[in-house]
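The following note sets out points for a colleague who has the coordinates open. Each point takes up one region and may be checked against the display.

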Amino acid sequence: MGKAGKVETLLAQAGHYLDRETGSVVPPIQPSTTFARDEQGNLYDENRIYARDHSINAEMAEVILNELEGGASCKLFASGMAAATALVQTLRPGERIVAPKIMYWSLRAWLITYCEDWNVELAFYDPCDEEDMISVVKSASTQMLWVETPANPTWEVVDIAKAAELAHSVGAQLVVDSTVSTPLLTKPIELGADYVFHSATKYINGHSDVVAGAVITAKEDMRWERLCKVRAQQGGILGTFESWLLLRGMRTMHIRVERACENAMRIAQHFEGLAGVVEVLYPGLTSHPNHEIAVKQMSGGFGGMLSIRFVGGRNNTAKVMGRMKRFVRATSLGGVESLVEHRALVEGENSPVPDDLLRFSIGIENVDDLIEDIEQALRG
Ligand SMILES: *Cc1c(COP(=O)(O)O)cnc(C)c1O
């Protein structure tokens, strides 16, 4: 039996952290930006020279995330966007990335201009249509296939094993944005993914007080080396205090995610088919078009994210949102407090999101309080 134990033990004990010198059960914050050499010029610790590449606090969280994902290595970044863009920056001019039409809004916007500026070919596939993904990937030489599952904000679930097979059949690599699924519900590397990406701002930290990103790799390959260089040289590292906070947040991740999943399932079931509701989008519902894939590749729950479409179009939906008293009207997701957002309003005119849709990030509150809040908002 390993000391670190199963997932819950690993997280709760922060990798069985114990300071042998002082007996402290919580790791200290080590803010030193530089690491000294002895009289002979040898480093005290040969792995540490300068904090842009060697952060003790970041490494503690990286080791645990890597273990959760079953990877070969993990790197934390200053944000999810810093991590995702670093990964795309490992592509060379003339290479090709294939990404979903429905994906994290800011990353999609960045991809469009970056790929244009740097001559990386960008093609989009429909994540609801397996055949479309196959034909787009096969239509030209492709190096990177990007999958986001479940995908913002309609929660399409993509079959990771099939996507990995497809990518590998054409010599491409698969990246999975697993932010919504968390490192606990889905194991993309086990399913064949080459890289797993997380906005650690969300469930990994879980308290809406740290912005961070993570990439975990299945192998320390050429692209991984490039990614490490991008981080070390461009400097998009996670700060010491943020790394420390992240590790602290991670210690309760399993409990938070479990409760968020339970609450989301209850809310989804409660509002499906109710008067005033057009549709509830949640991968845990049997009515969800990708429910079977979700059952196959998510275990322990279907996540804490769901969307509800309301009757009465954009205006009525905005009013429903305005009447909510317990849900906080804010962007982001994965925190302990529940949030609601009108995505079409936030994304603006070119948004592909239906304008009668509210996106809910379900937290860990009492679920009856949350149901009651949506109900009173619906009644008006
Ligand atoms: C938030 C988010 C990102 C971007 O991460 P930041 O930490 O905000 O930079 C990327 N993908 C998904 C699915 C997200 O929810």
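1. Is the crossing in which α2 passes α9 left-handed or right-handed? The model is a predicted one, and in it the crossing of α2 with α9 is left-handed. The axes of α2 and helix α9 (residues 240-250) lie 7 Å apart, and the two helices pack at an angle of about 35°. On the α2 side the contact is made by N57, A58, M60, A61, I64 and L65; on the α9 side it is made by T240, S243, W244, L246, L247 and M250. Sorted by class, this contact of α2 with α9 comprises nine nonpolar residues, three polar residues and no charged residues.

2. N66 also belongs to helix α2. Its relative accessibility is 15%, and N66 therefore counts as buried, the cut-off being under 20%. The N66 side chain reaches the backbone nitrogen of S73 at 3.0 Å. Leaving out residues up to four places away in sequence, N66 touches G71, A72, S73, C74 and I216.

3. The loop between α2 (56-69) and β1 (73-77) contains G70. With a relative accessible area of 49%, G70 is partly exposed. G70 and W244 are 174 residues apart along the chain, and their C-alpha atoms are separated by 22 Å. W244 is one of the α9 residues in the contact with α2.

4. Helix α3 (residues 80-88) and helix α4 (residues 105-117) have axes that come within 11 Å and cross at roughly 35°. This crossing of α3 and α4 is right-handed. From α3, the residues M81, A84, T85 and V88 take part; they meet S106, L107, W110, L111 and Y114 of α4. The contact of α3 with α4 has seven nonpolar residues, two polar residues and no charged residues.

5. N119 is placed in the loop between α4 and β3 (121-125). Its phi is positive, about 55°, although N119 is not a glycine. Most residues other than glycine have a negative phi. N119 counts as exposed, at 53% relative accessibility.

6. The loop between β4 and α6 holds P150, P153 and W155. The peptide bond from T149 to P150 is cis, with omega near -15°. N152 and P153 are likewise joined by a cis peptide bond, for which omega is about -15°. Most peptide bonds are trans. W155 has a positive phi, near 65°, and is a residue other than glycine. W155 is buried, with a relative accessible area of 0%, whereas N119 is exposed.

7. Which residues of helix α6 (residues 160-169) are buried? They are I160, A163, A164, L166 and A167. These residues lie on the same side of α6 because they cover an arc of only 165° around the axis. An α-helix has 3.6 residues a turn, so residues three or four places apart point the same way. The exposed residues E165 and S169 are carried on the face of α6 turned away from its buried side. The buried residues of α6 pack against α5 (130-138), β4 (144-148), β5 (173-177) and α11 (291-297).

8. Both ends of α6 can be described. Following α6 comes G171, which has a positive phi near 75°.

9. Finally, is S178 buried or exposed? S178 is located in the loop between β5 and α7 (182-185). Its relative accessible area is 1%, so S178 is buried. Apart from neighbours within four places in sequence, S178 is in contact with T149, T186, P188, V196, F197 and H198. T149, one of these contacts, is the residue from which the cis peptide bond runs to P150.

Note on methods
Residues are numbered from 1 along each chain as its sequence is written. This is a predicted model: local features need pLDDT of at least 70, side-chain atom pairs count only at pLDDT 80 or more; totals for chains, interfaces and linings use all residues. Side-chain values use heavy atoms; hydrogens and water are left out. Axes are lines fitted to C-alpha atoms, for helices over the stretch in contact, and angles run from 0 to 180 degrees between N-to-C directions. Helices (H or I, at least four residues) and strands (E, at least two) are DSSP runs, numbered from the N terminus. A crossing is left-handed if the near helix is turned anticlockwise from the far one by less than a right angle, and right-handed if clockwise. Contact means heavy atoms within 4.5 Å. Ala, Val, Leu, Ile, Met, Phe, Trp, Tyr, Cys and Pro count as nonpolar, Asp, Glu, Lys and Arg as charged, and the others, Gly among them, as polar. Buried means under 20% relative accessible area, exposed over 50%, partly exposed in between (1.4 Å probe, protein chains only). The arc is that of the directions from the helix axis to the C-beta atoms. A polar contact is a pair of N or O atoms within 3.5 Å; within protein, one must be able to donate a hydrogen and the other to accept it, and residues adjacent in sequence count only if both atoms are side-chain atoms.
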